[in-house]
Amino acid sequence: MATEGECPLGARVNYYPGRGEDGWHEGIGVYGAVRHRGVYPGIDMVHYGSPDALEFDFVLAPGTDPGTVRLRVE
């Protein structure tokens, strides 16, 4: 499954976990949404933020059966 950012916001952030520079990351792009391609055959999942919550949509390719999607919340 491939994951990629969508809707670039033009900002950059830095991430410095721990004391050593080995795991540091600088200039990371910030996006308004993240797409996970192929969560099911022909179906992507897109995560994005709203003012109140983190939301997601399933995006189906033409001809894909929506009954393929299964979601379990515990």
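Tutor: Let me begin with accessibility: buried means under 20% relative accessible area, exposed means over 50%, and partly exposed is in between, with a 1.4 Å probe and protein chains only. This is a predicted model, in which local features need pLDDT of at least 70 and side-chain atom pairs count only at pLDDT 80 or more, while totals for chains, interfaces and linings use all residues. Residues are numbered from 1 along each chain as its sequence is written, and side-chain values use heavy atoms, with hydrogens and water left out.

Student: OK, so is arginine 35 buried or exposed?

Tutor: Arginine 35 counts as buried, because its relative accessibility is 14%. Its side chain meets that of aspartate 44 in a salt bridge at 3.0 Å, N to O, where a salt bridge is a side-chain nitrogen of Lys or Arg within 4 Å of a carboxyl oxygen of Asp or Glu.

Student: And what about aspartate 44, buried or exposed?

Tutor: Aspartate 44 is buried, since its relative accessible area is 12%. Aspartate 44 also forms a salt bridge with arginine 37, with the closest N and O atoms 3.2 Å apart, although arginine 37 is partly exposed at 35%.

Student: Which residues are linked with those in a network of salt bridges?

Tutor: The network of salt bridges links Glu4, Glu6, Arg35, Arg37 and Asp44.

Student: How many salt bridges does a search of the whole structure find?

Tutor: The search finds five. One of the salt bridges joins the side chains of glutamate 74 and arginine 72 at 3.4 Å, N to O, and both of these residues are exposed.

Student: Switching to the fold, in what order do the strands of the sheet come?

Tutor: The open sheet has four strands in the order β1-β2-β3-β4, with antiparallel pairing. Strands here are DSSP runs (E, at least two residues), numbered from the N terminus, and two strands pair if DSSP finds at least two bridges between them.

Student: Which strands stand at the edges?

Tutor: Those are β1 and β4 (54-60), and because each has a single partner strand, one side of each is left without a neighbour in the sheet. From one strand to the next, the twist averages 25°, with axes taken as lines fitted to C-alpha atoms and angles running from 0 to 180 degrees between N-to-C directions.

Student: What can you tell me about how β2 and β3 pair?

Tutor: Strand β2 (residues 25-40) and strand β3 (residues 43-49) are antiparallel and pair over five bridges. Histidine 36 has methionine 45 in β3 as its bridge partner, and tyrosine 40 stands opposite isoleucine 43. In their hairpin, which has two residues between the strands, glycine 42 takes a positive phi near 75°.

Student: And over how many bridges do β3 and β4 pair?

Tutor: They pair over seven bridges, again in the antiparallel sense, and a hairpin of four residues joins β3 to β4. Tyrosine 48 has glutamate 55 in β4 as its bridge partner.

Student: Last one: what does tyrosine 15 touch?

Tutor: Leaving out residues up to four places away in sequence, tyrosine 15 touches Gly23, Trp24, His25 and Ile28, a contact being heavy atoms within 4.5 Å. Tyrosine 15 lies in strand β1 (residues 2-15) and counts as partly exposed because its relative accessibility is 48%.
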